[in-house]
Amino acid sequence: MPKQIQYTIAKIALNVPFNQLFDYKLIKKTTEEQLLGRRVFVPFRNQTKIGIIIALSEHSSYSNEQLKTIEQYLDTESAVESDSLKLCQWLSRYYHQPLGQVIFTALPNAFKKQKLPKANRANHWHITELGQTIDKNELKRSPQQARCLSLFQQHHRCSMTILNQHQITFSVLKKLLDKNWIEDCPAPPISLPAPSAPITLNLEQQQAYQSIKQRLQQFHCTLLHGITGSGKTEVYMYIIEHILQQGKQVLFLIPEIGLTSQTVKRLQARFQVPLVTLHSNLTDKERYLAWQQAKHNQAKLIIGTRSAVFTPLPQLGLIIIDEEHDTSFKQHEKTCYSARDVAIIRAKQAQIPIILGSATPSLESLYNVQQKRYHWLSLPKRAGDALIPQIGIINLKQQSLFHGLSLPLRTAITEHLEAGHQVLLFVNQRGFAPVLICQQCGHGLSCSRCSAYMIQHRDPPHLLCHHCGQRTTIPQQCTHCQSPTLKPIGYGTERIEEALQQLFEVPIQRVDRDTIKNKHSFSKILASIQSNQPQILIGTQMLAKGHHFPNITLVGILNADNGLYSHDFRACEKMGQLIVQVAGRAGRATKPGTVLVQTYQPQHPKLQLLLHQNYLVFAEQLLKERAAAKLPPYCYQVLFRSEASVKQHAHNTLEAIKSTLCQQAPKSLDVFGPMVAPMEKKSGQYRMQLLLQSPHRSILQKILTEQSQALEKIKQNARSRWTIDVDPYDLNI
Ligand code: ADP
Ligand code: ZN
Ligand code: ZN
């Protein structure tokens, strides 16, 4: 018999910013590998911390005296299964984030506390066969238990309410439960609506479905491009049905919490399987319980935002990423990662298919199609009878505006409302006005802690910094020249709302982060829109994404110009996606839609391409420009961000990183910086950036990996906070 290994050391991941595992002595020697993935309490720098056992070993490079011992094992079940660990390890390696922090990002917050939440207690119990046979006279010494048992013998099934009426407490009940005389009744089945019959797919949908269906047995990434309203969701549902029939689980990622209820409704109407949602609007307990259901294969459909990509799914058969172009899939704080890219790796590790869907695919994904890494499928027509909306451009140069609204737009709004339809106006700025300017000296009121203007809000009147949250009253005078002539410049959603109230009698709904403070207010607004009464909706990006509003026939984009002149090389791509997505809200049912775009640059070639050709032609042009400028996706980037209250400290750290990484820099590595970040100061911290760029991903990875020890050293001595962002999506933040 082979000698069994006696482990004495555990290698433990902690939620600390160091890229290493920590050695601890096991409480006693063990041969058991069951400890892997389990949570423990360990002493760490005069504190007790929660850690996860990642590996067991017979030896440590530290001496016995140097090593501390694990204090306590926390749960009976492992928190991180081997598949999840594999994914976290990949993420840690590729994004150069400490494994411990990655693992704790992947786990629900509940795991950061000692006691995990318990599933809700059952509310109903029934008597067991054993319980039927017990004579209550045998319980003379416990009259309470005898009473409880006889209640169950009479009624078979009792609820806590009934037991309370008979003054029986839970502790008495518990005694009978422990003796197996009674047991929990399963929760009554949730009454689900009868499944809706699948819609018959049109020819294009049928082709897309068949094509995906042929490749379900192994890893395969499909980019499903379908113009807004082309019926992508129907195609997803046909595939999902196939996967569920095999008893497997499906992970469905969406970019916004706001899209959850719509997606859940549609999927639950079609599939009568247990479904859970995972997003940041859940309490820690709710999230943990949903996570557990997924982990134990009780939930079959898992719908969630970015971090749901880490949900443990033992029977995972398919991943869908809806609106794959959406930047919300990228996390750029703390642990930087792209949920879309992590999902693709997950699918590869699990050898399952993944579908990326969008009406406006990201340039990265289109490039991956060109490189034959993704399979391309397209739905070029709207499904059913819906028509493509008519697009009109309004040249703002010749217009006198009423609070940002041109006459042709105001006229069109009147016409559509009179026809009994709904109107959506898109304004990419919440608040009343983006800046208050002194008419005497031209000074704009800015935040004292950030390099940004304060946004004027009306309701109640105040100034708010959208970057650090600083809030002040509205000053009576210019802070620079004391002149009392402060004027709001530009338009936010509140200002447009006020203007519309003066012009129209119909209800006006404003949808932005200020009106949508919780999930209930958003559902209320959604319900009002679905009532199909004539009304005007004013919204920020929140309304642009994926929603299906059949009675909206007019969409107005108040200012399309922001994306044309930004210094962010992705601004134009993002603007194009946004315009197409907002326009996609018009005329989704049988009524034809109209889109009116207000701009000061009606002849701008990009805008012309987008409006008169289509998104794919526009995207192709952008790809050509990116190739010529050697920008992503034709090169790869890594961004170091550094911030400190003293500018020089932020700078020095990046200089140290630069000289470490670029000692023997290969030719194909470009280094830009250290330079001041586009937003120089945020929350009182000065910010600097260092950008690495190369046409070869492997070159960047090699340097970062080789120098990881040196970078750790810099981290320990740095006088600024700094982070690595691999494949950064926004260089402006
Ligand atoms: P997308 O996800 O591409 O925006 P949806 O799947 O939401 O599109 O479909 C848009 C609308 O068209 C929905 O109301 C849907 O029920 C309807 N639809 C989809 N496919 C068909 C079809 N083959 N025949 C008729 N209606 C369809
Ligand atoms: Zn601020
Ligand atoms: Zn002034």
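**Entry 1: ligand 1**

I began with Gly231, where a backbone N or O atom lies 3.0 Å from an oxygen atom of ligand 1; I took a polar contact as a pair of N or O atoms within 3.5 Å. The model is predicted, with pLDDT of at least 70 needed for local features and 80 or more for side-chain atom pairs, while totals for chains, interfaces and linings use all residues. Residues are numbered from 1 along each chain, and side-chain values use heavy atoms, without hydrogens and water.

I then looked up the side chains: an N or O atom of Gln205 is 2.7 Å from a nitrogen atom of ligand 1, and an N or O atom of Arg266 is 2.7 Å from an oxygen atom of ligand 1. The protein covers 79% of the 560 Å² of accessible area that ligand 1 has on its own (Shrake-Rupley method, 1.4 Å probe).

**Entry 2: zinc ion (ligand 3)**

I found the zinc ion (ligand 3) coordinated by the SG atoms of Cys438, Cys441, Cys478 and Cys481 at 2.3 to 2.4 Å; donors are N, O and S atoms within 2.8 Å of the metal, or 3.2 Å for Na, K and Ca. The arrangement is tetrahedral because the four donor atoms subtend angles of 103 to 114°, and the criterion for four donors is that all angles lie between 85 and 135 degrees. I noted the donor spacing in sequence as C-x2-C-x36-C-x2-C.

I checked accessibility: Cys441 is partly exposed at 34% relative accessibility, whereas Cys478 is buried at 1% (buried is under 20%, exposed over 50%, partly exposed in between; 1.4 Å probe, protein chains only).

Notes
Chains lettered and ligands numbered in written order. Polar contact = N/O pair within 3.5 Å; in protein donor to acceptor, adjacent residues only side chain to side chain. Tetrahedral: all angles 85-135°; square planar, octahedral: opposite > 155°, others 65-115°.
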